Amino acid sequence: MNDPLLLTFNTGSSTVKIGIFKLEQQTPKRIGKAVVDISDRPLTLDLAKGPARLNLPLKTGADDDLAALMKEVFCTLAAHFDLDNVVAAGHRIVHGGNLFDGPARINDQTMERMRSLVDMAPLHQPQALRLVRAVTHLQPKLLQTASFDTTFHSTQTDLVRRFAIPRAFHDQGIKRYGFHGLSFRYVARALTERAPEIADGKVIIAHLGSGASLCAIERGKSCDTSMGFSTLDGIPMAKRPGAIDPGVLLHLIGPLGKTRAELEDILYHRSGLLGVSGLSGDTRELLKDNSRQAREAIELFILRVAGEIGRLTSTLGGLNGLVFTAGIGENQPDIRAGIASRLLWLGAELDEHANRRNALAISTQASRIAIHVIPTDEEQMIAEECLSIFSPGG
């Protein structure tokens, strides 16, 4: 009998990452992954199955409901995997607000609750819900689950989550939620397996990608994080500004006369590294560019990340370890080195050769804080949370 399969969907603002897992003794084991960048023209499905890497053209465009696109994606995947054995699908949902404290089975009630949070994550939430609806259209009887990026941070104290605004607004849910929780949960667990003596202490995980945030963790639990109410907060990102004086926003919509739609476009699509450099939001491109604007964008990113590490260290009351993860954190030694150079006051000392190799441990033995690089795997966490709700034969 063939092993049952489980699919995961990690939906970003412009990409859909699909994980294909087989269930062996009630444990999800990845057997393939695929990515569709829906901003590309024409669309392609980048598929990895074992050592094989395939770039498969797609004929369908990305319309509003994604159903036609996902039908073609499913047909393409079926040529490589037995999709008749799929028993469940798990989705990454960015915002769970106060409505979800863990993974949830998707039904009409769950969908309505997730829709009510769209205004709190307008870049990500609508896209994820479009994907859920598309899968439901194709496989109406398939069990689907939601894994939320916010729930990992539910261990933070009310004090940490509070803004200095009238209490009534806090009671209405205007508070710091934090994101990238699936990534932080995975990396925290991986650190426990690799360096339990560090994981049992005070650790900051830096999830640095096109979207980026940091999380202060003690004994594996979230204590504070750089992102707040929305995915705009914290450190600069590829196209998002990070923390910004609210007076700037009042100025934009007041004297400068920007509409809400224009302001949203500026904050989600035209700021961050792209806004500072005027060239690109991709650090790989900026590191290759010798212009002053490109260097300034990278230096600002490094400055703000290091500054946020200082703030989070204050929340923790000390620091035993720093972990870099995600695309920038895992693969760009120059940026890691720049951040570490601003943390000399914390006793951070990088091993230059280990850092250049993207080694797993990159601090020297003399460093007062252990510095690691751990690849993240959000899809693995989605699969495990999906399985925690649905267990074949259980």
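How much space lies in the second largest pocket? About 940 Å³, in what is a predicted model.

## The second largest pocket

Lining this pocket are 23 residues, and those closest to its centre are Phe229, Ser230, Leu232, Leu249 and Leu267. Helices α8 (246-253) and α9 each supply at least two residues of the lining, with α9 giving the most, 5 residues. By class, the lining of the second largest pocket has 16 nonpolar, 2 polar and 5 charged residues.

## The largest pocket

The largest pocket has a volume of about 1,600 Å³. It is lined by 50 residues, with Thr15, Lys17, Gly209, Ser210 and Gly211 the closest to its centre. Elements that each supply at least two lining residues include β1 (5-11), β2 (15-24), β3 (27-37), α9 (260-269) and α16. Sorted by class, its lining has 14 nonpolar, 22 polar and 14 charged residues.

## Helices α6 and α16

Helix α16 (residues 378-389) also meets helix α6 (residues 181-194): their axes come within 8 Å and cross at roughly 95 degrees. On the α6 side the contact includes Leu182, Tyr186 and Arg189, and on the α16 side Met381, Ile382 and Glu385 are among the residues involved. The contact has 4 nonpolar, 2 polar and 5 charged residues.

## A five-stranded sheet

Here is an open sheet with mixed pairing, its 5 strands in the order β11-β10-β9-β12-β13. Strands β11 (221-225) and β13 (370-373) stand at the edges with a single partner strand each, so one side of each has no neighbour in the sheet. From one strand to the next, the twist averages 25 degrees.

Strand β10 (residues 212-218) pairs with β11 in the antiparallel sense over 4 bridges. Ile217 stands opposite Ser222 in β11.

Technical notes
Residues are numbered from 1 along each chain as its sequence is written. This is a predicted model: local features need pLDDT of at least 70, side-chain atom pairs count only at pLDDT 80 or more; totals for chains, interfaces and linings use all residues. Side-chain values use heavy atoms; hydrogens and water are left out. Two strands pair if DSSP finds at least two bridges between them. Axes are lines fitted to C-alpha atoms, for helices over the stretch in contact, and angles run from 0 to 180 degrees between N-to-C directions. Contact means heavy atoms within 4.5 Å. Ala, Val, Leu, Ile, Met, Phe, Trp, Tyr, Cys and Pro count as nonpolar, Asp, Glu, Lys and Arg as charged, and the others, Gly among them, as polar. On a 1 Å grid over the protein atoms alone, a cavity is a set of points where a 1.4 Å probe fits but cannot get out, and a pocket is an open set with protein on both sides within 12 Å along at least five of seven lines; lining residues have an atom within 4 Å of a point. Grid points are joined across faces, edges and corners, and a volume is the space filled by probe spheres set on the points.
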